[in-house]
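Please read it alongside the sequence and the coordinates.

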Amino acid sequence: MSEGHHHDGSIAQQVREVEAELEASGIVSAAELEAILDAMRTPADGARVVAHAWVDAAFRERLLGDATAAIEELGYSMHGGVRPQMLVALENTEAVHNVVVCTLCSCYPIALLGPSPPWYKSEAYRSRVVREPRAVLSEFGLELAETVEVRVWDASAETRYLVLPLRPRGTDELAEEHLAALITRNGMIGTASL
Amino acid sequence: MRVNDVGGMEGFGALSVSESDPPFHADWEAHVHALVSALVRRGVFALDEFRDTIERMPPTDYLETSYYERWFRATTTLLRERGLLSADAPADG
C-alpha cells in the first residue's frame, strides 16, 4: 500500500473509538449505524426515473414541472434525509447540455444517485466546472459541439438537481428496464452523455 | 470569504476521474458518513452547524485534509463542544 495506508489506518482506529464511546453512552446505537450503512450500500436507482421519463411523455412533463412530487410516483422521496429537499430535473436537448456541481461543498441527490463520487467533492471539480465547463467535460471524455449551450447548476442544501440525459439514438425498441441499464450516474450529473 | 467557497477559483489542478469511482475510499469513510447522519437525525447537532464547523476550519487545515477527514474533525469538534466525547480524536479550535 501507499504511504497513505498508515494514515488511513490511524483515522479508521479513531473513528472506531469515537463510535464505541458514543454507543457506550447511548448517543447512537450500533444497530442504527448498521441500518444507515446498509441503506448507503444499497445501489441507488435513479436511472429508473430517467427511463420512465423517456417512455412516458406525461410523466416527463410532470418531472420537468415538479420533480420533487413526480419521483414519488416511482417510490422515491426527497424527504427521507435529515430534512426535506427540493428536486429539479434538467432536460438535456440537442441544443442545451446541463451539468451539476456544488461549489460550496457536496450537495447531491443521494436519494436518486446514492453517495456522491470523490471527484464531485474535489476542489478541482467544484472550482473549475463553473469557470471552464467545456474543458472539465472534455476531461471526462465528453466533447460537446460549439453550438451546444452548456448550463452549469450550483446545487444547495435545499435544492438538488437531476440531469435528464438525451435518449440514445436507436433505442426506440428497447423496454424501459433495458433503457434504465443504459443510464449512468455521470449521465445524470451531466459529466457524460449516453 | 470562506475557504470552501472555491467556485471559479484557479490553482486546484486537473481532475482525477477514475473508471469506478466508488463513493468511499475506505470503510471508515462510510462509517463517518453514517455517524453524521445518525447524530443529525437525533438532533445532537444540526446539519447547518455541521457544515459551518467544516467551513470555519483554518484554511490550511481544510485544504490539507480529505473530504471525510473534514467530516470526522467537524464531528468530534461538535461533540466535544457539547461535552459528549472524551476520546482522543482530532478536532478543530
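**Briefing on the two chains and their contact**

Chain B has four helices and zero strands. The model is a predicted one. In chain A there are ten helices and four strands. The area buried between chain B and chain A comes to about 4400 Å².

**Chain make-up**

- From the N terminus on, the elements of chain B follow the order α-α-α-α.
- Taken along the principal axes, the C-alpha atoms of chain B fill a box of roughly 40 × 35 × 25 Å.
- Along the sequence, the pattern of chain A reads α-α-α-α-α-β-β-α-α-α-β-β-α-α.
- The C-alpha trace of chain A spans about 55 × 40 × 30 Å along its principal axes.

- The size of an interface is often given as the accessible area lost when the parts come together.
- Of the area of about 4400 Å² buried between chain B and chain A, carbon and sulfur atoms give 64%.
- On the chain B side, Leu15(B), Trp28(B) and Arg42(B) lose the most area to chain A, and together they make up 15% of what that side buries.
- Chain B contributes 53 residues to the contact, and chain A contributes 49 residues.
- Between chain B and chain A, 16 residue pairs are in polar contact, with both residues at pLDDT 80 or more.
- On the side of chain B that touches chain A, at least two residues each come from helix H1 (27-41), helix H2 (47-55) and helix H4 (67-81) of chain B.
- H1(B) gives the largest share of that side, 13 residues.
- By class, the residues of the side of chain B that touches chain A are 29 nonpolar, twelve polar and twelve charged.

**Salt bridges**

- Side chains of opposite charge can pair when their charged atoms come close.
- Over all chains the count is 19 salt bridges.
- Between chain B and chain A the count is four salt bridges.
- Which residue of chain B forms a salt bridge with Glu32(A)? The partner is Arg42(B), and the closest N and O atoms of the pair are 2.9 Å apart.
- Glu32(A) lies in helix H2 (residues 30-41) of chain A, while Arg42(B) lies in the loop between H1 and H2 of chain B.
- Arg42(B) is also one of the residues in chain B that lose the most area to chain A.

**Second largest pocket**

- Rolling a probe the size of a water molecule over the atoms shows where empty space is left.
- The second largest pocket holds about 500 Å³ of space.
- The lining of this pocket has 22 residues, and those closest to its centre are Pro118(A), His25(B), Glu29(B), Ser66(B) and Tyr67(B).
- Two or more lining residues come from each of these elements: helix H1 (4-24) of chain A, and H1 and H4 of chain B.
- H4(B) supplies the largest share of the lining of the second largest pocket, four residues.
- The lining of the second largest pocket divides by class into eight nonpolar, seven polar and seven charged residues.

Key
Residues numbered from 1 in each chain as written. Chains lettered and ligands numbered in written order. Predicted model: local features only at pLDDT ≥ 70, side-chain atom pairs only at ≥ 80, totals over all residues. Heavy atoms only, no water. Contact = heavy atoms within 4.5 Å. Buried area = accessible area lost by both parts, 1.4 Å probe. Salt bridge = Lys/Arg side-chain N within 4 Å of Asp/Glu carboxyl O. Polar contact = N/O pair within 3.5 Å; in protein donor to acceptor, adjacent residues only side chain to side chain. Nonpolar A, V, L, I, M, F, W, Y, C, P; charged D, E, K, R; others polar. 1 Å grid on protein atoms, 1.4 Å probe; cavity = no way out; pocket = protein on both sides within 12 Å on 5 of 7 lines; lining within 4 Å. Points joined across faces, edges and corners; volume = space filled by probe spheres on them.
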